[in-house]
Amino acid sequence: MANQFTHDFTGKTVVLTGAGGVLVSKFAEAFAQAGANVALLDLNADAAQARADEINALDIPGKAIAVACNVLEIDSIKAAKEAVDAEFGGTDVLVNGAGGNNPRATTDNEYHELDLPEETKTFFDLDQSGVEFVFNLNFLGTLLPTQIFAKDMIEREGANIINISSMNAFTPLTKIPAYSGAKSAISNFTQWLAVHFAHGGVRANAIAPGFLVSNQNIDMMFEADHKTLKPRGEKIINGTPMGRFGEPEELLGGLLF
């Protein structure tokens, strides 16, 4: 991926959670191309390491490391911060990219009807623990890393927190009330952070992507061949003026800005 942008992050350290996935690992690559040292944090240490290895194999100025991290466990986050500090020094940019949905917090039906098949998982059947998991992963999974990493970012030149919200925060999709609500909380929390850290020199912003294909949603939108759209995927594409899904590269301009 050639870096189209002129931003210079030489000497900066960027920490990214959820970096074993398609989207955030592309973010990490973009920062490394711009000169930053990047720490790829993920619960799946092997996935993070594979992405870090790919970045380090490129002829670019930045260096990447992989760090195992559970964003829902304070001790795990603290250990990850110690690893980052030991390798790169303090953090300049924190990208809270960990998040996702869960089938236990997803309905089978888009609309409530009186004649639904008995086995249909409706809104009234949503599992409380599933809803809690989705809220915790997205909201607490953003708040807790911010508590640990942002403490040393106060008054650090160019310090910035970037949260990953979703267009679901503004126009909730059918079937996924917990995920939509959790991403709405991320947008609100980002605004809160921006005010809270206004006197500390730390900026807070959020990116709210539309539909991109990821490991988490590909089976929801495509058949087993990952080419043929399922009805859910067709509905999304039919409601998208450009008639296609977004690409991670299309978010990089806003990310680096």
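The side chain of asparagine 138 reaches the backbone oxygen of glycine 100 at 2.8 Å, in a predicted model. A polar contact is a pair of N or O atoms within 3.5 Å; within protein, one must be able to donate a hydrogen and the other to accept it, and residues adjacent in sequence count only if both atoms are side-chain atoms. Asparagine 138 belongs to helix H4 (helices, H or I, of at least four residues and strands, E, of at least two are DSSP runs numbered from the N terminus). Its relative accessible area is 0%, so asparagine 138 is buried (buried means under 20%, exposed over 50%, partly exposed in between, with a 1.4 Å probe and protein chains only). Leaving out residues up to four places away in sequence, asparagine 138 touches Gly99, Gly100, Tyr179, Ala182, Lys183 and Ile186 (contact means heavy atoms within 4.5 Å).

Helix H4, residues 128-150, also holds phenylalanine 133, which is partly exposed because its relative accessibility is 32%.

Two residues in loops have positive phi values. Most residues other than glycine have a negative phi. Glutamate 155, in the loop between H4 and strand E5 (160-164), has a positive phi of about 60°. With a relative accessible area of 67%, glutamate 155 is exposed. Lysine 175 lies in the loop between E5 and helix H5 (177-196), and its phi is near 80°. Lysine 175 is partly exposed, at 25% relative accessible area.

Residues are numbered from 1 along each chain as its sequence is written, and side-chain values use heavy atoms, with hydrogens and water left out. Local features need pLDDT of at least 70 and side-chain atom pairs count only at pLDDT 80 or more, while totals for chains, interfaces and linings use all residues.
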